[in-house]
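Dear colleague,

I am handing over the structure we spoke about, together with a summary of what was found in it. Please look through the sequence and the model below before you read on.

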Amino acid sequence: LCAACSLSILVGFILINRMPFDAYAVAIDRVQFLVLFTHFVALAAPFFFVGLLVSGLMKQFPHKSHVVYACNLSGSALGCLLAPVVLSMAGGEGTVMASTGIAALASLLTAFPLKSVNPFGQRQSAMPALPLILICLALVIMPSAEVFQRVQSGTGNPIFDAHMSPYKPLSYALQYPGAEIVSTRWNAFSRVDVVRSGGIRSLPGLSYLYPGVVAAQAGVFVDGSDLNALLPADPGASYFSYLPQSLAFQLRPSANVLILESRTGTDILTASALGAGSIRAVEPNPLLMQAADSVYRLPGVKAIQESPRAFLAGSQDTFDIILLPLTSSYFPVTSGAYSLGEDYRYTRESFQSAFTRLNPGGFLVVSRWLQIPPSEFLRAFILAVESLEDLGLDPSVHIAALRGYNLGLLIVKASPIDQIELDAIRQFSQARAFDLVYLAGLSADESNRFNVLLEDEYFNSFNTYLASQDRSAWLRAYPYQVAAPTDDHPFFMHFFKWSQFEDILAIYGSTWQPFGGAGYLVMVFLLLLMMTLSGLLIIVPLVLRRSELHASMDMHKSSNDRCAVLAFFILIGAGFMAVEIPLIHKFILYLGQPTYAISAVISALLLTSGLGSLASTRIPRAAIVALAVLVMASPLWLSLVFNATLHWHFRLRILVAFACLAPLGFLMGAPLAKGIAVLNRKNPALIPWAWAVNGTSSVIASVLAALLALSFNFSSVLLLGCAAYLLAFYFLVKMSRG
């Protein structure tokens with residue numbers, strides 16, 4: 001089973017690489033559904049073999065099931081801790097090789113003990129499996145060495161290089177004649193490619209009145225997307241004054257500037273060229289800072305490797321200008337790109353934190369792509385409006401908004417914008433052919449003059465929202481979801497509403513973007529697929545083994561007892577994921593990167609759950625009620641901890657994260673072990689089935705938790721987790737008596 005797991009990881013990776021799923025082609029190519037199903041099976045296969053092994057051990061040694069479960073959880077926790085380390089050393093492909101090798105090593109360990117006990121009851125030697133095991137190791141060691149060497153040298157293109165989606169911006173860039181990847185580097189949370197191409201001339205928002213010609217640039221892509229230009233460290237270039245953000249530097253000469261996520265330094269160069277006094281550049285990704293090293297070493301620039309929110313929480317300095325640069329490539333809202341991605345820079349709490357770091361006359365400057373109907377630029381405006389109102393300020397006199405042909409600029413002042421500044425904004429817009437969207441006292445005939453739209457939806461939506469007496473009704477009536485994100489619901493790029501579903505069905509099969517709110521609807525489809533397959537995997541074994549199971553049951557017992565078993569194991573599986581998924585998202589804010597949050601949260605919960613499983617015989621079943629109470633209160637106490645320690649050093653925050661998660665994980669590890677112990681006394685034949693029910697419930701609940709978090713918020717999902725554990729306690733009592 002271990003050797004089969006090892007081979008299935010490697011074969012599955014190669015299969016998926018050679019047969020990519022094309023989500024955009026589903027509407028016109030039904031074969032893509034078969035490809036998606038094949039991916040599903042290939043990705044599930046390793047877990048099938050491991051699940052078979054663990055359930056077999058639990059059945060063979062039911063009195064030691066809590067030890068088996070504890071070892072399984074502890075190994076998973078160790079894997080979560082190793083993942084970021086291996087990613088940094090060997091990249092994504094190397095991590096796949098390492099996973100294959102670990103499973104092969106596990107199979108190798110079974111080949112040499114004096115006595116090997118088969119989980120299914122037979123004493124035998126594992127030596128007959130040795131050839132298969134050695135093949136697994138050979139398949140791993142040779143490509144792993146090449147992968148490691150090439151990742152470290154930054155040359156990319158290793159022998160098992162992951163195939164890039166043809167819809168990624170990097171794939172488009174490489175189609176340009178002469179384009180080439182100069183280097184590819186990995187760290188724990190990103191792949192960064194530097195591309196040299198004559199077709200990259202990226203200065204988003206540049207006024208079309210710029211009289212010069214923008215020279216070809218190198219480009220930096222993060223995870224095959226999010227193109228950032230690698231400009232020469234020449235603050236004397238003339239095009240900087242034609243960028244929309246240059247308005248802020250005209251309003252505040254010699255400004256003290258803070259840039260949150262400075263990426264490859266376009267805004268650093270802009271600030272330097274336009275006379276900024278000092279520049280703090282906060283960038284969490286060290287690979288981007290290395291790629292633009294010459295920019296970060298300019299005089300007056302202080303580079304800080306930290307997440308923006310952690311810096312805002314810890315800094316006591318104030319600034320004249322705080323910039324939130326454009327960090328993502330343009331994607332149509334209808335594609336659903338980034339719908340599932342959090343961005344904690346764009347929440348009400350983040351904007352309020354930024355306002356507290358502004359000098360009295362300082363500006364918060366935000367750049368977003370333009371789309372029709374207005375979406376991300378409008379949402380940024382609504383976010384600024386509500387954040388100002390939360391602070392008791394009148395947004396109508398604190399905000400200015402203007403647009404070019406593809407980019408919108410939002411300027412929010414800590415104090416009211418005075419008449420001199422209003423005049424300067426009007427003059428700048430006219431001189432650079434930018435259209436005013438919102439400004440105190442702006443009339444309709446002053447807008448839509450340069451980048452002319454048939455209907456100025458930006459002016460109309462911005463002004464009608466601000467003037468609306470019932471903004472909740474206005475937001476409900478708007479075609480997209482544009483309510484202001486919060487830390488409890490930080491999905492800035494999630495614009496899907498169910499009211500769009502009828503239109504999506506109407507265009508299905510006639511457009512290359514069939515999904516509308518793709519991120520959400522693909523998750524719905526995935527949920528339905530997993531529910532169907534999980535149902536089959538649970539029901540079919542029961543049908544095939546019904547005579548054995550019936551013989552093991554006291555048939556005079558009510559079927560309600562068996563329903564209690566089913567309900568208990570479903571609920572604890574769902575409850576575990578309804579707690580884990582929101583915690584992962586919440587700790588992204590605290591630890592700064594999704595990879596760190598996933599690694600820390602899952603490893604902490606699994607490790608301490610393993611300890612809880614070991615101690616389950618000494619933990620009263622009423623501890624499940626204590627767990628539910630702790631989960632219910634977690635949004636409050638986690639918020640207090642985050643506010644108090646977010647400015648601490650990253651290593652200290654990791655320790656705090658483990659300390660916060662340990663009591664939750666310890667209590668979460670006991671319910672499954674207690675349920676298995678009850679079955680061991682009452683009906684051991686049901687143990688593998690209960691394990692399967694719990695596993696499939698967890699998988700379904702993970703997708704459902706993500707969908708509910710998108711539709712509502714993380715706190716709502718945690719409350720559902722709390723309810724699941726309370727109901728599980730009821731059914732555990734019922735099961736124990738049955």
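**The sheet**

Eight strands make up an open sheet with mixed pairing, and their order is β7-β6-β5-β8-β9-β11-β10-β12. The edges are formed by β7 (301-304) and β12, each of which pairs on one side only, and from one strand to the next the twist averages 20°. Please keep in mind throughout that this is a predicted model.

Within the sheet, strand β9 (residues 358-369) and strand β11 (residues 407-413) run antiparallel and are joined by seven bridges; V365 has I411 of β11 as its bridge partner. Helix α7 (residues 266-273) packs on the sheet, where it touches β5 (256-260), β6 (278-282), β7 and β8, and its direction makes about 175° with that of β6.

**Aromatic pairs**

The structure holds 26 aromatic pairs. One of them is formed by Y346 and F492, whose rings lie 4.7 Å centre to centre with 35° between the planes, a tilted arrangement. Because Y346 lies in the loop between β8 (319-324) and α11 (348-356), while F492 lies in the loop between α15 (471-477) and α16 (501-507), this pair ties together parts that are 146 residues apart in sequence. Y346 has 0% relative accessibility and therefore counts as buried, the cut-off being under 20%, and F492, at 2% relative accessibility, counts as buried as well.

A second pair to look at is that of F377 and F462, which is tilted because the ring centres are 5.1 Å apart and the planes stand at 50°. F377 belongs to helix α12 (residues 376-390) and F462 to helix α14 (residues 457-467), so this pair ties together parts that are 85 residues apart in sequence.

**Charges over rings**

Two arginines deserve a look beside the aromatic residues. R368 lies over the face of Y346, at 4.9 Å from the ring centre, and the charged end of R471 sits over the ring of Y465, at 5.0 Å from its centre.

**Helix α14**

Which residues of α14 are buried? They are Y458, F459, S461, F462, Y465 and L466, so that Y465, the residue under the charged end of R471, is among them. The buried residues of α14 pack against α12, β10 (399-403), β12 (435-438) and α15.

Note on methods
Residues numbered from 1 in each chain as written. Predicted model: local features only at pLDDT ≥ 70, side-chain atom pairs only at ≥ 80, totals over all residues. Heavy atoms only, no water. Phe/Tyr/Trp six-rings, centres within 6.5 Å; stacked < 30°, edge-to-face > 60°. Helix = DSSP H or I, 4+ residues; strand = E, 2+ residues; numbered from the N terminus. Buried < 20%, exposed > 50% of the residue type's maximum accessible area, 1.4 Å probe, protein only. Lys NZ or Arg CZ within 6 Å of the ring centre and 35° of its normal. Contact = heavy atoms within 4.5 Å. Pairing = 2+ DSSP bridges. Axes fitted to C-alpha atoms, helices over the stretch in contact; angles between N-to-C directions.
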